[in-house]
Amino acid sequence: MMKYASLLIVTFLVFALSSCEKRPEACLDFGDYLEAGDNLIIESCSKNYEFLTWEFNDNRGYIGDLFERQFELEGNYQVKLTAYSDGGYRSDELTHEFRASYRYIDRFEIIGESDYSAFIVDFKNDRWSLGIATGIFLEDAPFVINVLPNDTARIAPTSVNLDFYGRRAFSNVPLGKSNLNYHIFKDNPVVVTSEDGKLELRMYWKFLD
Amino acid sequence: MRRFLLLTMLSLSLNINGQELTKVRFFVNGGSAVFMRLEGELLPVSNVQSITPGVHRIEVWSPTFALYKSKINIPEKDSIGHYIELKPDKDYVEYQFELDNFKQKVFMRNTAPLMLAGAGILAFPFLHVARKNLHEDLVKENFKSQYFRVSSESAETRYNSINGLYFGSIGAAVLGTGLYLALRKNVKALQKPVYIQKNPFTLEDFRLSLNEINRAPEIGLQLSF
(Lines give C-alpha, C1' and ligand atoms only; values in the text may rest on other atoms or scores of the structure.)
Protein backbone atom coordinates (compact mmCIF):
# COMPACT_ATOMS: atom_id res chain seq x y z
CA MET A 1 0.00 0.00 0.00
CA MET A 2 2.75 2.41 1.03
CA LYS A 3 4.81 1.48 -2.02
CA TYR A 4 2.04 2.42 -4.43
CA ALA A 5 1.13 5.54 -2.50
CA SER A 6 4.74 6.76 -2.55
CA LEU A 7 5.00 5.98 -6.27
CA LEU A 8 1.95 8.13 -6.90
CA ILE A 9 3.29 10.93 -4.71
CA VAL A 10 6.67 10.86 -6.49
CA THR A 11 4.96 10.98 -9.90
CA PHE A 12 2.82 13.89 -8.79
CA LEU A 13 5.82 15.76 -7.35
CA VAL A 14 7.86 15.31 -10.53
CA PHE A 15 5.13 16.94 -12.58
CA ALA A 16 4.38 19.56 -9.98
CA LEU A 17 8.05 20.58 -9.89
CA SER A 18 8.41 20.45 -13.67
CA SER A 19 5.55 22.92 -13.98
CA CYS A 20 7.08 25.25 -11.34
CA GLU A 21 8.45 27.80 -13.75
CA LYS A 22 8.99 31.48 -13.09
CA ARG A 23 6.15 33.84 -13.82
CA PRO A 24 6.58 35.82 -17.03
CA GLU A 25 7.29 39.52 -16.64
CA ALA A 26 6.23 41.94 -19.36
CA CYS A 27 8.56 44.93 -19.79
CA LEU A 28 8.95 47.81 -22.24
CA ASP A 29 11.68 50.43 -22.09
CA PHE A 30 11.43 52.48 -25.28
CA GLY A 31 10.28 55.62 -23.53
CA ASP A 32 7.45 58.00 -24.38
CA TYR A 33 8.26 58.64 -28.03
CA LEU A 34 8.72 56.61 -31.16
CA GLU A 35 9.78 58.11 -34.45
CA ALA A 36 7.05 58.41 -37.04
CA GLY A 37 7.73 57.75 -40.69
CA ASP A 38 10.55 55.32 -40.00
CA ASN A 39 10.52 51.54 -40.10
CA LEU A 40 11.03 50.60 -36.48
CA ILE A 41 12.12 47.40 -34.81
CA ILE A 42 11.20 47.49 -31.15
CA GLU A 43 12.34 44.86 -28.68
CA SER A 44 11.03 44.31 -25.18
CA CYS A 45 12.87 43.79 -21.92
CA SER A 46 10.44 41.05 -20.81
CA LYS A 47 11.69 38.07 -18.83
CA ASN A 48 10.78 34.40 -18.34
CA TYR A 49 8.46 34.31 -21.28
CA GLU A 50 7.87 31.85 -24.09
CA PHE A 51 6.24 34.25 -26.53
CA LEU A 52 4.94 37.83 -26.63
CA THR A 53 1.89 39.44 -28.17
CA TRP A 54 1.74 43.12 -29.07
CA GLU A 55 -1.58 44.92 -29.52
CA PHE A 56 -1.78 48.50 -30.71
CA ASN A 57 -4.82 50.71 -30.39
CA ASP A 58 -4.78 51.31 -34.15
CA ASN A 59 -5.97 47.68 -34.47
CA ARG A 60 -2.65 46.09 -35.29
CA GLY A 61 -1.26 43.02 -33.57
CA TYR A 62 2.02 41.10 -33.62
CA ILE A 63 3.31 37.86 -32.15
CA GLY A 64 7.01 37.66 -31.46
CA ASP A 65 9.93 38.85 -29.42
CA LEU A 66 9.94 42.16 -31.29
CA PHE A 67 7.72 44.11 -33.58
CA GLU A 68 8.55 45.82 -36.80
CA ARG A 69 6.27 48.55 -38.08
CA GLN A 70 5.99 52.10 -39.25
CA PHE A 71 3.81 54.83 -37.76
CA GLU A 72 2.65 56.78 -40.78
CA LEU A 73 0.66 59.22 -38.71
CA GLU A 74 1.83 61.28 -35.82
CA GLY A 75 -0.28 60.89 -32.72
CA ASN A 76 -0.77 59.20 -29.39
CA TYR A 77 -0.68 55.44 -29.36
CA GLN A 78 -1.15 52.69 -26.86
CA VAL A 79 0.45 49.25 -26.91
CA LYS A 80 -0.54 46.28 -24.78
CA LEU A 81 2.32 43.82 -24.38
CA THR A 82 1.49 40.35 -23.01
CA ALA A 83 4.23 37.93 -22.00
CA TYR A 84 3.12 34.28 -21.92
CA SER A 85 4.73 31.38 -20.10
CA ASP A 86 5.51 28.04 -21.78
CA GLY A 87 2.16 26.64 -22.81
CA GLY A 88 0.50 30.04 -22.47
CA TYR A 89 -1.19 29.21 -19.17
CA ARG A 90 0.29 32.16 -17.32
CA SER A 91 0.76 35.66 -18.57
CA ASP A 92 1.74 39.15 -17.54
CA GLU A 93 0.66 42.23 -19.43
CA LEU A 94 1.37 45.91 -19.41
CA THR A 95 -0.07 48.83 -21.30
CA HIS A 96 2.26 51.55 -22.47
CA GLU A 97 1.25 54.88 -23.93
CA PHE A 98 3.57 56.73 -26.23
CA ARG A 99 3.59 59.34 -28.93
CA ALA A 100 4.67 58.72 -32.48
CA SER A 101 6.32 61.86 -33.79
CA TYR A 102 8.78 62.88 -36.45
CA ARG A 103 12.07 64.32 -35.34
CA TYR A 104 12.15 68.10 -35.60
CA ILE A 105 15.17 70.36 -35.52
CA ASP A 106 15.03 72.24 -32.24
CA ARG A 107 18.10 74.48 -32.48
CA PHE A 108 21.68 74.79 -33.65
CA GLU A 109 24.50 75.58 -31.26
CA ILE A 110 27.95 76.71 -32.39
CA ILE A 111 30.97 76.51 -30.11
CA GLY A 112 34.44 77.91 -30.75
CA GLU A 113 36.24 81.08 -31.82
CA SER A 114 34.65 83.01 -34.69
CA ASP A 115 35.48 86.12 -36.72
CA TYR A 116 32.47 85.69 -39.01
CA SER A 117 29.68 88.19 -39.17
CA ALA A 118 27.02 85.49 -39.36
CA PHE A 119 26.55 81.73 -39.42
CA ILE A 120 24.46 79.97 -42.06
CA VAL A 121 23.16 76.42 -41.76
CA ASP A 122 21.62 74.48 -44.64
CA PHE A 123 19.65 71.33 -43.93
CA LYS A 124 18.12 69.78 -47.01
CA ASN A 125 16.10 72.64 -48.50
CA ASP A 126 15.92 74.76 -45.38
CA ARG A 127 18.36 77.50 -44.47
CA TRP A 128 18.87 79.37 -41.21
CA SER A 129 21.23 82.24 -40.66
CA LEU A 130 21.97 84.50 -37.75
CA GLY A 131 24.31 87.51 -37.43
CA ILE A 132 26.65 88.95 -34.85
CA ALA A 133 28.61 85.77 -34.80
CA THR A 134 32.00 87.22 -33.90
CA GLY A 135 33.51 86.15 -30.62
CA ILE A 136 34.37 83.13 -28.49
CA PHE A 137 31.48 80.76 -27.81
CA LEU A 138 31.82 78.28 -25.01
CA GLU A 139 29.98 75.10 -23.99
CA ASP A 140 27.90 76.94 -21.43
CA ALA A 141 27.41 79.99 -23.59
CA PRO A 142 27.17 78.83 -27.23
CA PHE A 143 26.02 80.74 -30.28
CA VAL A 144 22.41 79.61 -30.68
CA ILE A 145 20.15 79.57 -33.75
CA ASN A 146 16.65 78.63 -32.61
CA VAL A 147 14.43 76.78 -35.05
CA LEU A 148 11.47 75.73 -32.88
CA PRO A 149 8.92 76.95 -32.06
CA ASN A 150 8.77 79.52 -34.86
CA ASP A 151 9.82 77.13 -37.58
CA THR A 152 9.30 73.37 -37.98
CA ALA A 153 11.81 71.29 -39.87
CA ARG A 154 11.37 67.51 -40.00
CA ILE A 155 14.32 65.19 -40.06
CA ALA A 156 13.29 62.60 -42.62
CA PRO A 157 14.68 59.08 -42.10
CA THR A 158 16.83 59.31 -45.25
CA SER A 159 20.27 60.64 -46.20
CA VAL A 160 20.38 64.41 -45.81
CA ASN A 161 23.17 66.98 -46.24
CA LEU A 162 23.92 69.35 -43.43
CA ASP A 163 26.12 72.31 -44.50
CA PHE A 164 27.64 74.91 -42.23
CA TYR A 165 28.93 78.29 -43.47
CA GLY A 166 30.43 81.43 -42.02
CA ARG A 167 29.80 84.83 -43.63
CA ARG A 168 32.71 87.10 -44.17
CA ALA A 169 32.26 90.36 -46.16
CA PHE A 170 29.81 89.32 -48.89
CA SER A 171 30.74 85.66 -49.26
CA ASN A 172 29.77 82.43 -47.48
CA VAL A 173 32.78 80.42 -46.38
CA PRO A 174 32.12 76.65 -46.12
CA LEU A 175 33.09 75.50 -42.66
CA GLY A 176 31.88 71.94 -42.53
CA LYS A 177 29.39 69.46 -43.90
CA SER A 178 27.94 66.07 -43.20
CA ASN A 179 25.83 63.57 -45.04
CA LEU A 180 24.10 61.23 -42.62
CA ASN A 181 21.42 58.62 -43.06
CA TYR A 182 18.92 59.54 -40.38
CA HIS A 183 17.25 56.18 -40.62
CA ILE A 184 20.35 54.79 -38.92
CA PHE A 185 21.75 57.83 -37.20
CA LYS A 186 19.75 58.59 -34.07
CA ASP A 187 22.25 60.55 -31.98
CA ASN A 188 21.19 63.83 -30.47
CA PRO A 189 22.86 66.25 -31.12
CA VAL A 190 24.26 65.80 -34.62
CA VAL A 191 27.80 67.23 -34.53
CA VAL A 192 29.70 68.79 -37.46
CA THR A 193 33.21 70.11 -36.90
CA SER A 194 34.79 72.75 -39.16
CA GLU A 195 37.74 71.69 -41.29
CA ASP A 196 40.18 73.84 -39.29
CA GLY A 197 38.79 72.37 -36.07
CA LYS A 198 38.03 75.74 -34.53
CA LEU A 199 34.26 75.56 -34.69
CA GLU A 200 31.73 72.88 -33.87
CA LEU A 201 28.11 72.88 -34.99
CA ARG A 202 25.60 70.94 -32.93
CA MET A 203 22.13 70.27 -34.30
CA TYR A 204 19.64 69.39 -31.55
CA TRP A 205 16.36 67.69 -32.43
CA LYS A 206 13.25 66.74 -30.49
CA PHE A 207 9.92 64.99 -30.82
CA LEU A 208 6.87 67.19 -30.71
CA ASP A 209 3.99 66.64 -28.31
CA MET B 1 19.81 -87.84 -35.08
CA ARG B 2 19.62 -85.02 -37.58
CA ARG B 3 16.09 -86.06 -38.56
CA PHE B 4 15.03 -86.09 -34.89
CA LEU B 5 16.28 -82.55 -34.37
CA LEU B 6 14.43 -81.28 -37.48
CA LEU B 7 11.19 -82.88 -36.30
CA THR B 8 11.56 -81.36 -32.82
CA MET B 9 12.12 -77.85 -34.22
CA LEU B 10 9.19 -78.20 -36.61
CA SER B 11 6.83 -79.26 -33.82
CA LEU B 12 8.03 -76.34 -31.62
CA SER B 13 7.45 -73.83 -34.39
CA LEU B 14 3.96 -75.20 -34.99
CA ASN B 15 3.19 -74.90 -31.24
CA ILE B 16 4.28 -71.23 -31.20
CA ASN B 17 2.19 -70.35 -34.23
CA GLY B 18 -0.71 -72.15 -32.66
CA GLN B 19 -1.09 -69.39 -29.92
CA GLU B 20 -2.21 -66.90 -32.69
CA LEU B 21 -2.03 -63.52 -30.85
CA THR B 22 -3.65 -60.62 -32.66
CA LYS B 23 -1.89 -57.29 -32.80
CA VAL B 24 -4.43 -54.59 -31.84
CA ARG B 25 -3.63 -50.99 -32.61
CA PHE B 26 -5.73 -48.78 -30.36
CA PHE B 27 -6.76 -45.32 -31.46
CA VAL B 28 -7.82 -43.60 -28.26
CA ASN B 29 -9.35 -40.15 -28.43
CA GLY B 30 -8.10 -38.99 -25.05
CA GLY B 31 -5.15 -37.34 -23.37
CA SER B 32 -1.49 -37.88 -24.08
CA ALA B 33 -1.17 -40.53 -21.38
CA VAL B 34 -3.51 -43.49 -21.74
CA PHE B 35 -3.81 -46.37 -19.30
CA MET B 36 -5.43 -49.67 -20.36
CA ARG B 37 -6.52 -52.70 -18.41
CA LEU B 38 -7.53 -55.95 -20.04
CA GLU B 39 -9.35 -58.52 -17.97
CA GLY B 40 -8.29 -56.65 -14.84
CA GLU B 41 -4.58 -56.60 -15.79
CA LEU B 42 -2.74 -53.40 -16.55
CA LEU B 43 -1.27 -53.38 -20.06
CA PRO B 44 2.08 -51.83 -20.94
CA VAL B 45 1.85 -48.17 -21.94
CA SER B 46 1.62 -48.50 -25.72
CA ASN B 47 -1.09 -48.17 -28.32
CA VAL B 48 -0.14 -51.52 -29.88
CA GLN B 49 -1.02 -54.56 -27.84
CA SER B 50 -0.87 -58.29 -28.66
CA ILE B 51 -4.10 -59.85 -27.45
CA THR B 52 -5.43 -63.37 -27.77
CA PRO B 53 -8.54 -63.57 -29.95
CA GLY B 54 -11.88 -63.68 -28.23
CA VAL B 55 -14.10 -61.44 -26.11
CA HIS B 56 -12.28 -59.47 -23.40
CA ARG B 57 -13.22 -56.97 -20.73
CA ILE B 58 -11.33 -53.72 -21.40
CA GLU B 59 -10.98 -50.56 -19.29
CA VAL B 60 -9.31 -47.41 -20.62
CA TRP B 61 -8.55 -44.27 -18.69
CA SER B 62 -6.73 -41.06 -19.44
CA PRO B 63 -6.25 -38.10 -17.11
CA THR B 64 -9.12 -35.59 -17.27
CA PHE B 65 -11.32 -38.25 -18.92
CA ALA B 66 -13.90 -40.60 -17.45
CA LEU B 67 -13.11 -44.30 -17.09
CA TYR B 68 -14.14 -46.23 -20.19
CA LYS B 69 -15.44 -49.74 -19.61
CA SER B 70 -16.44 -52.07 -22.44
CA LYS B 71 -16.01 -55.45 -24.02
CA ILE B 72 -13.82 -56.03 -27.02
CA ASN B 73 -14.05 -58.90 -29.46
CA ILE B 74 -10.64 -59.71 -30.94
CA PRO B 75 -10.87 -61.62 -34.19
CA GLU B 76 -8.22 -64.13 -35.35
CA LYS B 77 -6.26 -61.83 -37.56
CA ASP B 78 -2.69 -60.66 -37.74
CA SER B 79 -3.58 -57.10 -36.78
CA ILE B 80 -6.63 -54.93 -36.31
CA GLY B 81 -7.36 -51.38 -35.33
CA HIS B 82 -9.75 -50.38 -32.56
CA TYR B 83 -11.10 -46.90 -31.93
CA ILE B 84 -12.07 -45.79 -28.43
CA GLU B 85 -13.53 -42.38 -27.65
CA LEU B 86 -13.13 -41.25 -24.06
CA LYS B 87 -15.58 -38.81 -22.59
CA PRO B 88 -14.31 -35.86 -20.54
CA ASP B 89 -14.61 -36.16 -16.81
CA LYS B 90 -17.61 -34.15 -15.51
CA ASP B 91 -15.51 -32.78 -12.67
CA TYR B 92 -12.91 -31.62 -15.17
CA VAL B 93 -15.52 -29.77 -17.23
CA GLU B 94 -16.78 -28.14 -14.06
CA TYR B 95 -13.19 -27.33 -13.07
CA GLN B 96 -12.64 -25.61 -16.42
CA PHE B 97 -15.72 -23.45 -15.88
CA GLU B 98 -14.56 -22.58 -12.39
CA LEU B 99 -11.07 -21.80 -13.68
CA ASP B 100 -12.47 -19.50 -16.36
CA ASN B 101 -14.59 -17.80 -13.76
CA PHE B 102 -11.57 -17.43 -11.47
CA LYS B 103 -9.42 -15.96 -14.26
CA GLN B 104 -12.19 -13.56 -15.20
CA LYS B 105 -12.50 -12.34 -11.62
CA VAL B 106 -8.72 -11.92 -11.28
CA PHE B 107 -8.65 -9.98 -14.53
CA MET B 108 -11.52 -7.70 -13.60
CA ARG B 109 -10.38 -7.07 -10.04
CA ASN B 110 -6.62 -7.03 -10.46
CA THR B 111 -5.24 -6.99 -14.00
CA ALA B 112 -7.76 -4.59 -15.56
CA PRO B 113 -7.43 -1.90 -12.82
CA LEU B 114 -3.63 -2.18 -13.03
CA MET B 115 -3.72 -1.88 -16.81
CA LEU B 116 -6.03 1.12 -16.54
CA ALA B 117 -3.78 2.82 -13.98
CA GLY B 118 -0.64 1.94 -15.97
CA ALA B 119 -2.09 3.26 -19.23
CA GLY B 120 -3.13 6.48 -17.48
CA ILE B 121 0.26 6.98 -15.82
CA LEU B 122 2.17 6.17 -19.02
CA ALA B 123 0.03 8.42 -21.21
CA PHE B 124 0.02 11.33 -18.74
CA PRO B 125 3.51 12.81 -19.45
CA PHE B 126 3.04 12.67 -23.23
CA LEU B 127 -0.41 14.19 -23.01
CA HIS B 128 0.88 16.82 -20.57
CA VAL B 129 3.47 18.02 -23.11
CA ALA B 130 1.05 17.78 -26.05
CA ARG B 131 -1.64 19.70 -24.14
CA LYS B 132 0.86 22.42 -23.25
CA ASN B 133 1.92 22.85 -26.88
CA LEU B 134 -1.65 22.83 -28.15
CA HIS B 135 -2.70 25.41 -25.53
CA GLU B 136 0.12 27.63 -26.73
CA ASP B 137 -1.12 27.19 -30.30
CA LEU B 138 -4.66 28.01 -29.17
CA VAL B 139 -3.57 31.26 -27.46
CA LYS B 140 -1.68 32.28 -30.61
CA GLU B 141 -4.53 31.31 -32.93
CA ASN B 142 -7.02 33.23 -30.77
CA PHE B 143 -4.76 36.26 -30.97
CA LYS B 144 -4.34 35.89 -34.74
CA SER B 145 -8.10 35.57 -35.19
CA GLN B 146 -8.45 39.08 -33.73
CA TYR B 147 -5.97 40.72 -36.07
CA PHE B 148 -5.34 38.52 -39.10
CA ARG B 149 -8.79 37.13 -40.00
CA VAL B 150 -7.72 33.59 -39.15
CA SER B 151 -10.15 31.12 -37.63
CA SER B 152 -9.13 29.51 -34.35
CA GLU B 153 -11.75 26.72 -34.56
CA SER B 154 -9.26 24.07 -35.59
CA ALA B 155 -6.91 24.92 -32.71
CA GLU B 156 -9.87 24.88 -30.30
CA THR B 157 -10.97 21.44 -31.49
CA ARG B 158 -7.45 20.07 -31.16
CA TYR B 159 -7.07 21.54 -27.69
CA ASN B 160 -10.44 20.22 -26.53
CA SER B 161 -9.55 16.74 -27.79
CA ILE B 162 -6.19 16.66 -26.04
CA ASN B 163 -7.82 18.12 -22.92
CA GLY B 164 -10.27 15.21 -22.86
CA LEU B 165 -7.45 12.71 -23.24
CA TYR B 166 -5.36 14.49 -20.61
CA PHE B 167 -8.05 14.46 -17.94
CA GLY B 168 -9.04 10.98 -19.07
CA SER B 169 -5.51 9.75 -18.36
CA ILE B 170 -5.60 11.32 -14.90
CA GLY B 171 -9.00 9.74 -14.26
CA ALA B 172 -7.77 6.36 -15.49
CA ALA B 173 -4.68 6.51 -13.26
CA VAL B 174 -6.69 7.49 -10.19
CA LEU B 175 -9.59 5.11 -10.85
CA GLY B 176 -7.33 2.19 -11.74
CA THR B 177 -5.13 2.68 -8.68
CA GLY B 178 -8.15 3.13 -6.44
CA LEU B 179 -9.86 0.01 -7.74
CA TYR B 180 -6.66 -1.99 -7.48
CA LEU B 181 -6.11 -0.95 -3.88
CA ALA B 182 -9.76 -1.39 -2.94
CA LEU B 183 -10.04 -4.87 -4.46
CA ARG B 184 -6.62 -6.14 -3.39
CA LYS B 185 -7.92 -8.03 -0.36
CA ASN B 186 -10.81 -9.38 -2.35
CA VAL B 187 -8.44 -10.77 -4.98
CA LYS B 188 -6.23 -12.33 -2.32
CA ALA B 189 -9.28 -14.06 -0.87
CA LEU B 190 -10.08 -15.69 -4.22
CA GLN B 191 -9.13 -19.36 -4.31
CA LYS B 192 -7.86 -20.92 -7.46
CA PRO B 193 -9.84 -24.06 -8.26
CA VAL B 194 -7.89 -27.32 -8.13
CA TYR B 195 -8.64 -30.40 -10.14
CA ILE B 196 -7.58 -33.69 -8.57
CA GLN B 197 -8.41 -37.00 -10.19
CA LYS B 198 -7.60 -40.50 -9.02
CA ASN B 199 -6.09 -42.95 -11.45
CA PRO B 200 -8.57 -45.82 -11.15
CA PHE B 201 -5.88 -48.37 -11.98
CA THR B 202 -2.99 -47.26 -9.80
CA LEU B 203 -5.02 -45.26 -7.21
CA GLU B 204 -2.58 -42.36 -7.61
CA ASP B 205 -3.90 -38.81 -7.43
CA PHE B 206 -2.86 -36.29 -10.04
CA ARG B 207 -3.47 -32.59 -10.26
CA LEU B 208 -3.17 -30.19 -13.15
CA SER B 209 -0.30 -27.78 -12.88
CA LEU B 210 1.60 -25.35 -15.02
CA ASN B 211 5.10 -26.01 -16.26
CA GLU B 212 7.05 -23.03 -14.91
CA ILE B 213 9.61 -23.22 -17.71
CA ASN B 214 7.48 -23.31 -20.84
CA ARG B 215 4.27 -22.05 -19.15
CA ALA B 216 2.31 -25.01 -20.54
CA PRO B 217 -0.18 -27.05 -18.52
CA GLU B 218 1.09 -30.45 -17.52
CA ILE B 219 -0.07 -33.28 -15.37
CA GLY B 220 1.72 -33.61 -12.11
CA LEU B 221 1.46 -36.78 -10.09
CA GLN B 222 0.63 -36.66 -6.45
CA LEU B 223 1.26 -40.00 -4.92
CA SER B 224 -0.93 -41.02 -2.01
CA PHE B 225 -0.18 -44.02 0.19
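How many residues does the contact take from chain A, and how many from chain B? Before selecting them, bear in mind that this is a predicted model. Colour the two chains separately and pick out the contact, to which chain A contributes 15 residues and chain B contributes 12 residues. On the side of chain A that touches chain B, helix α1 (2–18) and strand β4 (60–63) of chain A each supply at least two residues, and α1(A) gives the most, with four residues. If you colour that side of chain A by residue class, it divides into seven nonpolar, five polar and three charged residues.

Of the 209 residues in chain A, 25% are buried. When its contacts between residues at least 6 apart in sequence are considered, 59% of them join residues at least 24 apart.

Now select A:F108, A:I110, A:F119, A:V121, A:F164, A:L201 and A:M203, which are the residues with the most contacts inside the largest nonpolar core, a set of 25 residues. The elements giving two or more residues to this core are β8 (103–114), β9 (118–123), β12 (143–146), β14 (159–168), β16 (190–193) and β17 (199–207) of chain A. Centre the view on A:V121 and, leaving aside its neighbours within four places in sequence, you will find A:V121 in contact with A:F108, A:W128, A:I145, A:F164 and A:L201. A second, separate core has 15 residues, and includes A:Y49 together with B:L134, B:V139 and B:F143. As a general background to both stops, nonpolar side chains in soluble globular proteins tend to be buried together.

Which peptide bond involving A:P149 is cis? The bond is the one that joins A:L148 and A:P149, with omega about 0°, and A:P149 is found in the loop between β12 and β13 (154–155) of chain A. Another cis peptide bond joins A:N188 and A:P189, where omega is about 10°; A:P189 lies in the loop between β15 (171–181) and β16 of chain A.

Is A:N59 buried or exposed? It counts as exposed, because A:N59 has 8 C-beta neighbours inside 10 Å. A:K124, in the loop between β9 and β10 (126–131) of chain A, also has a positive phi, near 55°, but A:K124 counts as partly exposed because it has 14 C-beta neighbours inside 10 Å.

Turn to chain B and select its open sheet of four strands, which run in the order β3-β2-β5-β6 with antiparallel pairing. Its edge strands are β3 (41–42) and β6 (68–74) of chain B, each of which pairs on one side only. Strand β5 (residues 54–61) of chain B pairs with β6(B) over seven bridges, and B:V60 stands opposite B:Y68 in β6(B).

Finish on helix α3 (residues 153–189) of chain B, whose 37 residues reach 53 Å from the first C-alpha to the last, close to the 54 Å expected at 1.5 Å a residue. Follow α3(B) to B:L183, where it bends by about 45°, and then highlight its buried residues, among them B:Y159, B:Y166, B:A173 and B:Y180.

Technical notes. Residues are numbered from 1 along each chain as its sequence is written. Chains are lettered from A and ligands numbered from 1 in the order in which they are written. This is a predicted model: local features need pLDDT of at least 70, side-chain atom pairs count only at pLDDT 80 or more; totals for chains, interfaces and linings use all residues. Two residues are in contact if their C-beta atoms, placed from the backbone, lie within 7 Å. Ala, Val, Leu, Ile, Met, Phe, Trp, Tyr, Cys and Pro count as nonpolar, Asp, Glu, Lys and Arg as charged, and the others, Gly among them, as polar. A residue is buried if 20 or more other C-beta atoms lie within 10 Å of its own, exposed if 12 or fewer, and partly exposed in between; C-beta atoms are placed from the backbone. Two strands pair if DSSP finds at least two bridges between them. A nonpolar core is a set of buried Ala, Val, Leu, Ile, Met, Phe, Trp, Tyr and Cys residues joined through C-beta atoms within 7 Å. The expected span of a helix is 1.5 Å times one less than its number of residues. The bend at a residue is the angle between axes fitted to the seven residues ending there and the seven starting there.
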